[in-house]
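Please study the sequence and the structure before reading each solution.

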Amino acid sequence: MSLRGQFIKCTLCAILYIAVCCFLLKIKKDFYLTQQPDSIVFISINQTKQACSLASRVATEPIDLEIKLLERDEMNGELINLQESATLLQQISNACVKYHLNTPVIRRHFLHNSQHKAMYCWIRKVASTSFTKLFSDMEGRQVTRNYYREVDVLAPKTLKELHHIANDKKVFKLLIVRHPFQRLVSSYRDRIEDNSKHTAQAWIYVKKIFQITRPELLRSNTTTGNFHQRVFTADRRYLIQCRTNVFIKSATDFMYIHSLLSRLKVVPTFKEFLLWLLQSAEEEDDVHWNRYYTHCAVCNVRYNYILKLDDYTYGQINYIFSKFGLDKDKIYLPKLEQTRGGYTDFDTTCKYFANLTQEIILKLYNRYKIDFEMYNYNLNRYIFCANKRT
């Protein structure tokens, strides 16, 4: 082969090599964009100019636009408390700046409906089932139970899409909260104390609780058996069926099914639950008792309206319906405080707090201090509950 031919051949090889590299880089880039993790923590602004994150912009922007929208709605006759709503929005913004908060955005924590231009951050034990059902209905989905699974369908598909929705001023963004202590008691009653059902929280956390409060339960012996035999019971009829079921492929599968069917024989007290909680890492909190401001990225997402479940009115619910473009006469929303074990109000919560010390309550307050401050919740009444012990 001539020198000229060898040169042409090498040139073609080089071009082909570059083309293949570019193609592979594009595939890698596209894969990265479509496989983004559910959460992202924004880096500090002083690391690079490009790190002027959504968090820093939202936290420092004035809430003038949100207040103007509320003023317009009030002028149009909507039943909202303009002063209270504006105060809550301002307190959230102030706290973000005061504590230099940088809250992660987690895709699965948000439900979105593009047709109704609505976005909502679900919080467990704060009417999340009712509003998840509402968003399912808005999508025309006929769901009667297992609303937890609806999150995967109703959430934005990617984190990039969520950021776009959060920045869209035409989308009405709703957040619902309740007193942190009442939610905590409600979560304990539903996920730990109620041993008539099987819950993942009981299976996951009770052993950790008893490691702190009753370590003797973890010691095995021939009389009482191991920890799980002492503390849990199981519906053996279903376990026998599971053993022969085709989807049970391994011992791991069987143990998973066993966990779903296991109920508590020995139930931790509320005080034991709190002693464990106060020693656990905040970033590892279960979604049933994590903090509002981190769960719903309140320093990254500018909400239009905050509904306080403690004293909501049907006028406020109708206002939300109107912003979602829904006909209140054609939409069924269950009474929001209805739960299997009954509503956990202040009186119920006070009874659980009566067995606590003031020291525990103050430590608990410090854990949820930012939520208290953002949403203007009171601590003193619960301190008084501890003083009512007999």
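**Exercise 1.** Determine which ring lysine 308 lies over.

*Solution.* A charge sits over a ring if NZ of Lys or CZ of Arg is within 6 Å of the ring centre and within 35 degrees of the ring normal. Lysine 308 lies over the face of tyrosine 377, at 4.3 Å from the ring centre. The charged end of arginine 124 likewise sits over a ring, that of tryptophan 122, 3.9 Å from its centre.

The model is predicted: local features need pLDDT of at least 70, side-chain atom pairs count only at pLDDT 80 or more, and totals for chains, interfaces and linings use all residues. Residues are numbered from 1 along each chain as its sequence is written, and side-chain values use heavy atoms, with hydrogens and water left out.

**Exercise 2.** Classify the aromatic pair of phenylalanine 270 and phenylalanine 353.

*Solution.* Rings of Phe, Tyr and Trp (its six-membered ring) pair if their centres lie within 6.5 Å; planes under 30 degrees apart count as stacked, over 60 as edge-to-face and the rest as tilted. Here the centres are 5.9 Å apart and the planes make 40 degrees, a tilted pair. Next, consider burial (buried: under 20% relative accessible area; exposed: over 50%; partly exposed in between; 1.4 Å probe, protein chains only). Phenylalanine 270 is buried at 4%, and phenylalanine 353 is buried at 0%.

**Exercise 3.** State how the rings of tyrosine 120 and phenylalanine 135 are arranged.

*Solution.* Their centres are 5.8 Å apart and their planes stand at 25 degrees, so the pair is stacked. Tyrosine 120 is buried, with a relative accessible area of 1%; phenylalanine 135 is also buried, at 1%.
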